[in-house]
Amino acid sequence: MKQPKLSFWQIWNLSFGFLGVQIGFALQNGNVSRILSDLGADLSSLSLFWLAAPIMGLLVQPIVGAASDRTWNKLGRRLPFMLGGAIVAAAAMVLLPNSSMMVAFIPPMLFGLIIFAIKDAAFNVTFQPFRSLVSDMVPAEQRNLGYSVQTLLINIGAVFGSILPFVLTNVVGLENASKAGEVAPSVIWAFYIGATVLLGSVLWTVFRTKEYAPEQYYAYKGLDSEAQTLAEQVRQSRSLGEKLTDFWQTMKSMPRIMKQLALVQFFSWFALFIMWTYFPAAIAQNTWGVGVEWYDGAYIAQMGGVPAHIAAAKGAAGDWVGILYAGYSLFAVLFSLVMAKLANLFGRKFVYSISLLAGGLGYLSFVLFTDPTMTHVNLLITQVEIPKGALGLMIPMLGVGIAWAAILAMPYAILAGALPANKTGVYMGIFNFTIAAPQIISGLIAGWILGSVFQNQAVYIVMLAGAAMVLGALSVWLVKEQDDTAAD
């Protein structure tokens, strides 16, 4: 049976929950380093704290992928995991910025780290099935469109989540400077709002999407329904050791294109991890002029705390990180509108490579924007005073946004046609290794590089990320693509 085409709004609905998930990710990426620093973490140790995110992805996504391949109930196949993960993620988002309230029971930084890990695990449970849902529901000739719509929603959510702390400070009037051992009120309320939208958008997808029944799904994918049912019964009867052996065999038999894309993914996600970890410090140091010493816990203790003007500068820089993240997400939204057509016209590999090159050049140019001269800028319905260099940083974000749009869509569009339909979920989960592993490596060595090589000057490790992204652009040409789709 030929799988029917979906309307635009059907594709929109099945990916709509990603809007809220990405709001949560945007708040995490822009503010977790800020939160952990407020709770007492040193700059050189931030990358170690951030290891919680890729480790959770590495552990959770293959399990969820494999489990969702075998789940068929009244709610659906992928949808139960989306809903359960969203409920836990929303609860964790409420708890994370309130870690200081637990000081009577557990050190707030430790509690924050635990909640961060739980939240990221729940994010992974929620968003991993979205990738497989597109592959399940969208026919091959609409696959570029399906992943591009998903990318569009991801980046709309990223824009909203990124600007929330800035809006709450400069429009609503909440305080953005933190007190000792506490998180700024604007950040706390941003997480409350993000948690609400995350849960609401996932509920929209759950109630507006109807997954195919097993027999219908197998028919559309050209598989024998009875054979698949029998195979699943055999899998369920196996012992844990046999299941682990089966998983290892699945790993070894992965399509070659997954291994080729892994190199591209390594350079891309190595760079992204550095950005999310060190952008707040890099901007505060390089553009706002905050001294490196104010990221040293021992020095701060010796000086009796952070002076008010330094705390204000770090708070303003932290808010501006959100604006820059919103900028690159907005550029990604705009690029995602034309990315599918460009991929159809010039080929996925060409678009993917040029996009990563644009991101690498953006990171490398970050060091140029150091003008400390203050200027007034009208943003939204408010006026803010910022260094001119901070305003100029929006230029590199154009390249970063183009790269981000491609990273979210192109690998999956290239990969999806090479995966067996009965193992799409588990292979998509295994493919997450190529996202988690480079972040883990980056987390283990980035702090040491920053402290020992760059003397805690965070702008230089951002430039290192740029070099990695350029290498990713070059490695795209090593991928041997299997083209199984027609134009949208």
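**Exercise 1.** Is phenylalanine 16 buried or exposed?

*Solution.* The structure is a predicted model, in which local features need pLDDT of at least 70 and side-chain atom pairs count only at pLDDT 80 or more, while totals for chains, interfaces and linings use all residues. Residues are numbered from 1 along each chain as its sequence is written, and side-chain values use heavy atoms, leaving out hydrogens and water. Begin with the cut-offs: buried means under 20% relative accessible area, exposed over 50%, and partly exposed in between, with a 1.4 Å probe and protein chains only. Phenylalanine 16 has a relative accessible area of 19%, so it is buried.

**Exercise 2.** Describe how the rings of phenylalanine 16 and tryptophan 204 are arranged.

*Solution.* Rings of Phe, Tyr and Trp (its six-membered ring) pair if their centres lie within 6.5 Å, and planes under 30 degrees apart count as stacked, over 60 as edge-to-face and the rest as tilted; this rule gives 26 aromatic pairs. Here the centres are 5.8 Å apart and the planes stand at 55°, so the pair of phenylalanine 16 and tryptophan 204 is tilted. Tryptophan 204 itself is partly exposed, with a relative accessible area of 40%.

**Exercise 3.** Which residues is serine 201 in contact with, leaving aside its neighbours within four places in sequence?

*Solution.* Contact means heavy atoms within 4.5 Å, and serine 201 reaches Phe16, Gly17, Leu19, Gly20 and Val21 in this way. With a relative accessibility of 3%, serine 201 counts as buried, and a polar atom of its side chain lies 3.4 Å from the backbone oxygen of glycine 17.

Definitions and conventions
Polar contact = N/O pair within 3.5 Å; in protein donor to acceptor, adjacent residues only side chain to side chain.
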